Amino acid sequence: MKKCKVCNKPAVYHLTEIQNGEAQALHFCEEHFQEYISGQTSQDEWEPQDDATLIELSSQELQLDEEMECPNCGITFQEFRSEGRLGCPHDYIAFREPLIQLLENIHGECVHIGKFPKRAPTSSQQQYNLIKLRRELTAAIAEENYEAAASLRDEISKLEQEEHAEPESDTSAE
């Protein structure tokens, strides 16, 4: 996968420019492509990275990653890459940086937002939101961010009240 010539993000735009009769390959992420196309930055300000430099940088990064080893189970990052499976829960800590890069390259993000089934009842979505807010509340208290904790507490209370409120039933006396 090609990297942006300006930053280390995966390139999503690949251009070939001909200057002085020579073709030059340009690879950009979304942000830097927009800057390049809009002319916000002159071409002289872009740091040129030829393919040889990118290959050298990538091989150095790969070599460092492959040498990493979990102190608990002894699996190397190279073994993980070949088998597709980690050896123990400590691997997530030992291989944190390359795993984050791997997830960003594959999914474009390293944070799972989550989805709900379309037919899921609203109560399951509320339960999910309550769990998420309680985690955030615990983190805010641990960080001694009491203003955020108070706001989260109020939001949790509001959701709990909505959850426990009985739906009004249409019972008319005949």
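Analyst: Let's start with one term: a residue is buried at under 20% relative accessible area, exposed at over 50% and partly exposed in between (1.4 Å probe, protein chains only). This is a predicted model, in which local features need pLDDT of at least 70 and side-chain atom pairs count only at 80 or more, while totals for chains, interfaces and linings use all residues. Residues are numbered from 1 along each chain as its sequence is written, and side-chain values use heavy atoms, without hydrogens and water.

User: Thanks! Where in the protein chain is confidence lowest, and where is it highest?

Analyst: Confidence here is pLDDT (the predictor's score for each residue, from 0 to 100). Helix α2 (residues 51–67) has the lowest mean, 52, and helix α7 (residues 146–164) the highest, 89. The average for the protein chain is 75, with 72% of the residues scoring at least 70. Over residues 51–60 pLDDT stays under 50, and the model has four contacts there beyond four places in sequence; a contact means heavy atoms within 4.5 Å. Where pLDDT is low, the coordinates should not be read in detail.

User: Which elements does the protein chain have, from the N terminus on?

Analyst: They run β-β-α-α-α-α-α-α-α, which comes to seven helices and two strands. Both kinds are DSSP runs numbered from the N terminus (helices H or I, at least four residues; strands E, at least two). Strands β1 (residues 13–19) and β2 (residues 22–28) are antiparallel, with seven bridges; pairing requires that DSSP finds at least two. Across this pair, H14 has H27 in β2 as its bridge partner. The two strands make a hairpin with two residues between them, and N20 in the turn has a positive phi of about 55°.

User: How many aromatic pairs does the structure hold?

Analyst: There are three. Rings of Phe, Tyr and Trp (its six-membered ring) pair if their centres lie within 6.5 Å; planes under 30 degrees apart are stacked, over 60 edge-to-face, and the rest tilted. F77 and F80 form a tilted pair, at 5.4 Å centre to centre and 45° between the planes. These two are three residues apart in helix α3 (residues 77–83), so about one helical turn separates them. F77 counts as buried because its relative accessibility is 3%. The rings of F77 and F95 also have centres 5.4 Å apart, but with planes at 65°, so this pair is edge-to-face. F95 belongs to the loop between α4 (91–94) and α5 (96–107), so its pairing with F77 in helix α3 ties together parts 18 residues apart in sequence.

User: Is F95 buried or exposed?

Analyst: F95 counts as buried because its relative accessibility is 0%. Leaving aside neighbours within four places in sequence, F95 is in contact with M68, E69, C70, I75, T76, F77 and L86. The C-alpha atoms of F95 and F77 are separated by 7.0 Å.

User: Which residues of α7 are buried?

Analyst: A149, L152, I156 and L159 are the buried ones. They cover an arc of only 90° around the axis (taken from the directions from the axis to the C-beta atoms), so they lie on the same side of α7. Y146, E147, K158 and Q161 are exposed on the other side of α7. Across the 174 residues of the protein chain, 21% count as buried.
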